[in-house]
Every structure is written in structure tokens, then in C-alpha cells.
Amino acid sequence: MNDLLIRGGTVIDGTGAPRSIADVLIHRGHIVRVGDASAEPALRTIEAAGQVVAPGFIDIHAHSDEAMFLNDALESALHMGVTLAVNGNCGGSSAPVYGCAASDLDRDLSRSGLVRSWATFAEYADAVERARPAINVCSFVGHGTLRSSVMGPVARAPSGKELAAMRELLRQALLEGAVGLSSGLIYPPSAFADAAELASLCAEVRSLDRLYASHIRNEGAGLLEAVEENLEIGRRSGVRVQLSHHKAAGEGNWGLVERSTALIERARAEGQDVAADQYPYTASSTGLSVVIPNWVHEGGPSAMCLRLADPVILGRIAAEETETGRAWERIVIARARQRPDWAGRSVADLAGAAGKDPLSWAAEALILHEGAVDIIHHSMDEGDVRLVMAKPWVCIGSDSRANAPYGPLSFGRPHPRSYGTFPRVLGRYVREVGLFSLEEAVRKMTMLPASRLHLEGRGVVRAGAWADLVIFDPDLIGDVATYDDPHRYPTGTLQVIVNGVVVLDGGETVAGVRPGRFLRLGLAAA
Ligand SMILES: [Zn+2]
């Protein structure tokens, strides 16, 4: 007796091939047949006529590193049809953590009432599995985390000994199954590294044929130089490169993606293995501290807050440019622990109401929150978003933590991308705008990210593959979450199946069923 039969659905297999009507038969976590299986006995049959049966979406750019400890369902990701969240992006991972990285993480965890039980990558992976998440997860090693573990929050190049220690820590984590290395070159301490340091670390990534993903050094006026830097890191080390959430930020820089994507395409034509990902919105989301120059961050958040309290230093900061720019009316508070009432209001508005200039207001807000205030930044152009999205080498990734409309993850007004990313591409950009076919959209969410990660047997509907699947209504799939009202599930996702087990059924989370695993690259997946 088979476990599950999905009968008569429209199968879009993830490869980009045209859809076909087929049954999908599942047993012991795997797809055993795609084709005619209508007469096969199964413990359960799902009638899927008129619905799309696709590989579960692989969120190649997620930040759900600790979300499963607060919400094992990873609700907003699950409701989008995500069956694998790839964490540890933008230079920050939950492991391996030692020294300063460990104390920083402990401070963050304590704000949510959590206690760390790991140091190594393998111990973290075990802790995640003990939390029994609804969907699969895996992780990069964050370069900032490595640097902070070995060197602390200092703004200088590593000594030979320090670099060797970082390489050793990275290599060990890769051997324990990390999918690669991520950098966050606008975020100290990752931002304190030069290309030589990153290329040296990437040699370890290359030796195990894993992926290097970078939140590049500049997505504004310096976008092209920043893309070049990462192409150069790839050339020097031979590593495969993934450019995270590709964009041109800041009104004066709109249109630059035409040239940045041309640079990437030239490198690809020359044989370099480089690709990118993107979320389908014109606003980004990050920490308010990005409006403060990197040198102010040296020594970590408490040192930064001490400097921000000094009027002389604040005057110097005001005279400096930052990568993000300071279009205060476009910068909206998403989450501020001490002041939930700020959520949804711009810095310009809040500073005006307080009778302060916006930079002084931002400095005080950061001091009050020990540097941890989340923002939404309306910095992009819709035309740019579409130009990037249409490139066949661009994956879809949410760049977000899974949230939930209840419990601790319901706090504030986070970016709607955590609830909307994948359905928004399928609803808005495929069905309404017609930017590309449904088959192409599904490929950008499944086989393309799986191939970037070198994941075997995921991201495709075919016999022998893992049964990670989403069943959705092609006429109804779409995002509902907005900036004003973000905690809203998308429409049209009917079933989500993870490792052969139904975890979302009729659009509802199934209670108590948590088949997700921590996928360790190079080791037994599950
Ligand atoms: Zn990032």
C-alpha cells in the first residue's frame, strides 16, 4: 500500500518543461511514479484535477535561523508553499558560534526567551531537528559570524593566524553539511573584510564545491563596483557565486540593474558560474543601523550606542554618506521592541512629531533598542524589479524570517514578503502581468535554486525524488499581505507535502505533524 496518491493534477515538474496531466504516487517520503497511477492503492488520495502539482518551493534566501524554536510550523513560509528554507544568509548564521558571536547570539535569543544549546554547526543542526520544524531547512555559514567568532567586532584585516582559524572553522561546518558561505558586506563585522580575505575563505568553499552567496558591498551608487568585487572573488577562488536579492536601491540609482545584470551575463558568457536571487517587491527590509557608517559599529552594538550618544560624533556621522542613503520619508519602522506604536510610521514622520531632526531621532531610537530596530525601506523601482526577475538565472527568495499571525512571531509590521513572496510571483507577475510562464516561475523557485545548492533529489517532480510538493490553484494563487497589514496568509495554496507527509491541508496547517529535517549537504539528507 502506497502512502499517498495525488490524482489528475496538472504537474509542473520544476525543470521548465511544459505542464502535463499526471498522477503522482508517493511512498516512504519519495515520489515513486509520475504518470498513470490512478488505480494504485494508497492510504490517502488527493483529487487534484484543475490544480497545479509542483515541487515545494525552495527559499534560497531565508532568515528563519531560529524561527523554528518559536514556531515549529514556520507558518508564513509553509503557507507560501515553501518546503525548504535556506538560512544563514547575509553574513549571519546561528552556527558555528564562539566568543563574541556566541555572546551576541545569546543576547538576541534571550530577547525571545530562548537559550542556546550549541556551538558547532552539527550541534545547531541537531537542535533544529529537535525543534521538529514543519518544513526542511539548511544553512549557509555567515562570514560575519565566523569573523566575530574568531576576531570579535574589530575593523581590521585578520592576522595570518586569525584567517587560518576562520578557514578551519568554516571547513569544519562545511564538512558538517553547511551549504556554503554567505557574506553581508554592508553589515559589520562582515563589512570589515576585503576581497582578499573573502577569496581566501572561498577557497575552502570551492574545495567542497559549495556556494558563496553575497549581500554585496553596495546596492546603491556603488552597485557596479560591488558586483565586480564579487565576480573577482569568484574568479580568484574558483567558487560558484550567488548574488543575493539583486537590486538598485535609491532613486538616483534606478536603472543601474541594466548594467549590473549585463556584467553578470558577460561573466556567465565567459564561463563563470554566477547567478542571483530576488524578492518581488520594491521595498527592502533591514536594521535601522544601516543609516550609520561602518566605523561607528566597531566594537559591536553597545560601542555603537555609546558613540551615537556623543553629539560631536553624531555631527561627523551627519556629514557622511552611507550606502543606504537617508531618504527618511521612505524609511518606515517595522519592529521596535520598546515602542510597538512606531511600527508602520516613517522616520521622517516620527522625528517631525518629536520635533527632532531625523538622524538624531534615529540615533536615539537605536540607543533605546541597543541597535536592534527593524525597518522597511521603499527604495526600488518596479521596472528594475521586473527586469531582474525576468532573467532566467535569477531565483526567487524571500529574504525573510518565517512569521506567524499569532504568538511571538506576530510582533510588529514586518515586510509582507515573509507571507507573500512566492504566491506574489505566481499571481501578480505570471497571471496578471504575464512576465513569464507558470512553468518558468516554478523553475525559478525549485530546480534553479536546487541546482545552485547542489541538492540532489529535491526541486523536481520525478520518480525517485523526495516528495516535497505544493498543490495550488493557478487561478487563486496570490499574495494578500501588505505593508500596512502584513500578517496575512496568501490565497490558493491548498496542500504542502514535506518528505512525503501532508503538513498543509486544505490551506490549513495540520496539527502535530512536523516532518521537516535539517538537510546536511554531502551527508545523508534525511
Ligand atoms: Zn541581505
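A residue is called buried if 20 or more other C-beta atoms lie within 10 Å of its own, exposed if 12 or fewer do, and partly exposed in between, with C-beta atoms placed from the backbone. The structure on display is a predicted model, in which local features need pLDDT of at least 70 and side-chain atom pairs count only at pLDDT 80 or more, while totals for chains, interfaces and linings use all residues. Residues are numbered from 1 along each chain as its sequence is written. Helices (H or I, at least four residues) and strands (E, at least two) are DSSP runs, numbered from the N terminus.

**First stop: helix H13**

Select residues 382–389, which form helix H13; Asp 384, Val 385, Val 388 and Met 389 are buried there. These residues cover an arc of only 130° around the axis, which puts them on the same side of H13; the arc is that of the directions from the helix axis to the C-beta atoms. Contact here requires that the C-beta atoms of two residues, placed from the backbone, lie within 7 Å.

**Second stop: the sheet**

Strands S13 and S17 belong to an open sheet of six strands, in the order S9-S10-S11-S12-S13-S17, with parallel pairing. Strand S9 (141–142) and S17 stand at the edges, each with a single partner strand, so one side of each is left without a neighbour in the sheet. Two strands pair if DSSP finds at least two bridges between them; S13 and S17 are joined by three. To view this pairing, select Gln 278, which stands opposite Ile 396 in S17.

Next, display helix H6 (residues 195–207), which lies across strand S10 (180–184) and strand S11 (211–215) and runs at about 155° to S10. Axes are lines fitted to C-alpha atoms, for helices over the stretch in contact, and angles run from 0 to 180 degrees between N-to-C directions.

Most residues other than glycine have a negative phi, and most peptide bonds are trans. In the loop between S10 and H6, select Pro 189; the peptide bond from Pro 188 to Pro 189 is cis, with omega near 5°. Another cis bond leads from Ala 95 to Pro 96, with omega near -5°.

Finally, select Leu 74, in the loop between strand S6 (57–59) and helix H1 (75–80). Its phi is near 45°, a positive value in a residue other than glycine. Leu 74 is buried, with 29 other C-beta atoms within 10 Å.
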